[in-house]
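Here are a few friendly notes to read alongside the coordinates. Please keep the viewer open as you go through the points.

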Amino acid sequence: MTKKSAWAIAAVCAMCLCVIALPAFLFSADPWQSAPDYTIPSLPPFQTPQGVSPTPTPQGGQPTPTPLWTQAPTTPLATPSPTPSPTPEVTAQATPAQQQYTYNAYALHGYMHQALEGCDALEAWPSFVDAISRHDVRYDYGAQGISEHAARIMVELFRQEHPLNAFLTDAVVDGQEGMIYLDYRYSKGVQQINLGRFISRVDQALAACAPPEADPLDIMLALHLYVARAGQYNAKAAHTDCYGLLVNGTAVCYGFTDTLRFLLLQCGIESDKLLGQTVKGEAHGWNLVEIDGEYYHLDPTWERSANRGTGLAMFGLTDAARSVRLVLPATRVGYPENTVQPPCTSERFAQLQLLAARCTVVPEHHAVYFTSRVDGLNYVYNTRTGSIIPF
């Protein structure tokens, strides 16, 4: 046999082996024997013994270790009630909402409700909001039975507080015709698309941060971080307001502030917008909330710049902590002129501000999971008891 013949026979044999082996390889269950996809481990659920507030149980079902730090609030978190319970509970717990919060275009802050009620325009508010949502070019306030003065108040409140003001370029009250003439930034078709996007973003935020099982404090913590992570500070963007932050991911400090305030209002939680100056003379806006009778500063804008929204350095601050960079007291929006903020003195959240990094708020568990800046270990903060324990 010649050398050429031998090579030819070898080539034919190799081809036969490929034809036999290839189908088995291609149709095998896992031809490459690839490693399974990595699955992020889920957080363990709270175990709730009878008569005890929920506390987390570490992996493996071992007993919860002795708290490393304890910061029990003087007044346990509870949903405000017009009449106190005759029999005090061992651990007061807020009554959870019975439904999932969704976008409510007609929600009003307390001072807005008072202003509209005082000029007999409260019942006209929903129809005015609907007119702008539909892209109507005029609104017949005379047919609603309200005065020119009431119409001007309604326009002023909408332009100051409602996120859909992003769609308006002008709103002119004509006292002779009893009309409000409306000019828009976008065509009707484009506005409807953008409105749908905005509503979708609001519902996403509420679904993530305000589940039915959450308490008010859980919602505040979750929304504070959500807003801080929602976008970038950009003073040159087309929209720098609540709409801009939720839809385009751009805003200035007032946009971050208004977004947190609007989302809290969607959950029935009242908050204030504070306007002031930094020690360098620059204008700045942030939020003020009341928790168990104490007032606290929240600043999602500076939370974003401080740690990209991963910590809680700007949640629940006192006046003393804010005075390092801001001139206090600040002005409360919506109150009579020169009304300043109430004092913020409680240090209830001081340990969270110092320790918490890489935070994950789980509202339905009443918990904030975080990595400590001090020792690099993982801990969990229970919003109902105020305790911080290793995890």
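1. D170 has D183 in β6 as its bridge partner, and A171 stands opposite L182 in that strand. In total, 6 bridges join β5 to β6 (residues 179-184), and the two run antiparallel. Two strands count as paired if DSSP finds at least two bridges between them; strands (E, at least two residues) and helices (H or I, at least four) are DSSP runs, numbered from the N terminus.

2. A word on provenance: this is a predicted model, in which local features need pLDDT of at least 70 and side-chain atom pairs count only at pLDDT 80 or more, while totals for chains, interfaces and linings use all residues. Residues are numbered from 1 along each chain as its sequence is written, and side-chain values use heavy atoms, with hydrogens and water left out.

3. The turn deserves a look on screen. β5 and β6 form a hairpin with 4 residues between them, and G178 in the turn has a positive phi of about 70°.

4. Angles are taken between N-to-C directions, from 0 to 180 degrees, with axes as lines fitted to C-alpha atoms, for helices over the stretch in contact.

5. Leaving out residues up to four places away in sequence, E148 touches Y141, V173 and G175.

6. A second open sheet has 5 strands in the order β12-β11-β10-β9-β13, with antiparallel pairing. β12 (315-317) and β13 (326-332) stand at its edges with a single partner strand each, so one side of each is left without a neighbour in the sheet. The twist averages 45° from one strand to the next. Within this sheet, 6 bridges join β9 (residues 272-278) to β10 (residues 283-291), and L274 has W286 in β10 as its bridge partner.

7. Helix α9 (residues 300-307) lies across β9, β10, β11 (294-298), β12 and β13, running at about 110° to β10.

8. How many cavities of 30 Å³ or more are there? The count comes to 1, a cavity being a set of points on a 1 Å grid over the protein atoms alone where a 1.4 Å probe fits but cannot get out, with lining residues having an atom within 4 Å of a point. About 120 Å³ of space lies in the largest cavity, where volume is the space filled by probe spheres set on points joined across faces, edges and corners. Of its 15 lining residues, H109, E161, H162, P163 and F262 lie nearest the centre. Helix α8 (residues 253-266) gives the largest share of the lining, 5 residues.

Definitions and conventions:
1 Å grid on protein atoms, 1.4 Å probe; cavity = no way out; pocket = protein on both sides within 12 Å on 5 of 7 lines; lining within 4 Å. Contact = heavy atoms within 4.5 Å.
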